[in-house]
Amino acid sequence: MDDLDRRIVAALQLDGRRSFANLADELGIPASSIRYRTKRLEDAGILQIVGIANPLAIGFDRLAMIGVRVRAGRAREVCEALAALPETSYVVMTSGRFDVMAEVICRDIAHFVEVVEQHIGAHESVLSTESLFVLEVHKLAYGWGVPGLAAGSEPKPPAEGV
């Protein structure tokens, strides 16, 4: 990634719905360059542009973080299996008390029990799980800055009402 790629990523983290033309005007390059670079960043797995919804606000009743302890040397295998589940939105290998942490989003408690018992807990490498239910969501953010961005080259947030 070069400085221009970083500036594109930073701008899209602020507003992923910005048009290529608008972004091109701000960065002083042709819209076709923005389109090409954005596609290249997406294809490389560096950038993903999605709409983020609060699951509790759109009809899902159970959002939980699940800590998973696994057999030695099997954390990556368990991460892959959990990442393949449609109910997981976040799966990471960790250090500390748990080897893996997963966020699951379920319709209701029966669905949650099915996921924990039949999919996560039933995996041969899983030793134990601990579930932490999310009671309220106070922040869902996915824009954390872009390392290596030259000072002063950060995009400006959109003006109010724009």
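## Two helices that cross

Axes here are lines fitted to C-alpha atoms, for helices over the stretch in contact, and their angles run from 0 to 180 degrees between N-to-C directions. With that in hand, look at helix α1 (residues 3-14) and helix α3 (residues 31-43): their axes come within 10 Å and cross at roughly 85 degrees. Angles of 65 to 115 degrees count as roughly perpendicular (under 35 is roughly parallel, over 145 roughly antiparallel, and the rest oblique), so α1 and α3 are roughly perpendicular to each other.

Who meets whom? On the α1 side there are Leu4, Asp5, Ile8, Val9 and Leu12, and they meet Ile34, Arg37, Thr38, Arg40 and Leu41 in α3. Contact means heavy atoms within 4.5 Å. Sorted by class, this contact has 6 nonpolar, 1 polar and 3 charged residues. Ala, Val, Leu, Ile, Met, Phe, Trp, Tyr, Cys and Pro count as nonpolar, Asp, Glu, Lys and Arg as charged, and the others, Gly among them, as polar.

## About the model

This is a predicted model, where local features need pLDDT of at least 70 and side-chain atom pairs count only at pLDDT 80 or more, while totals for chains, interfaces and linings use all residues. Residues are numbered from 1 along each chain as its sequence is written, and side-chain values use heavy atoms, with hydrogens and water left out.

## The whole protein

Overall, you'll find 5 helices and 4 strands, in the order α-α-α-β-α-β-β-α-β along the sequence. Helices (H or I, at least four residues) and strands (E, at least two) are DSSP runs, numbered from the N terminus.

Of the 162 residues in the protein, 32% are buried; that means under 20% relative accessible area, with exposed over 50% and partly exposed in between (1.4 Å probe, protein chains only). Take the contacts between residues at least 6 apart in sequence: 67% of them join residues at least 24 apart.

## One aromatic pair

The structure holds 1 aromatic pair. Phe112 and Phe133 form it, tilted, at 4.8 Å centre to centre and 50 degrees between the planes. Rings of Phe, Tyr and Trp (its six-membered ring) pair if their centres lie within 6.5 Å; planes under 30 degrees apart are stacked, over 60 edge-to-face, and the rest tilted.

Phe112 sits in helix α5 (residues 109-120) and Phe133 in strand β4 (residues 126-133), so the pair ties together parts 21 residues apart in sequence. Phe112 is buried at 6% relative accessibility, whereas Phe133 is partly exposed at 37%.

## A look at Glu80

Glu80 belongs to helix α4 (residues 75-83) and is exposed, at 61% relative accessibility. The C-alpha atoms of Glu80 and Val92 are separated by 9.7 Å, with the two residues 12 apart along the chain.
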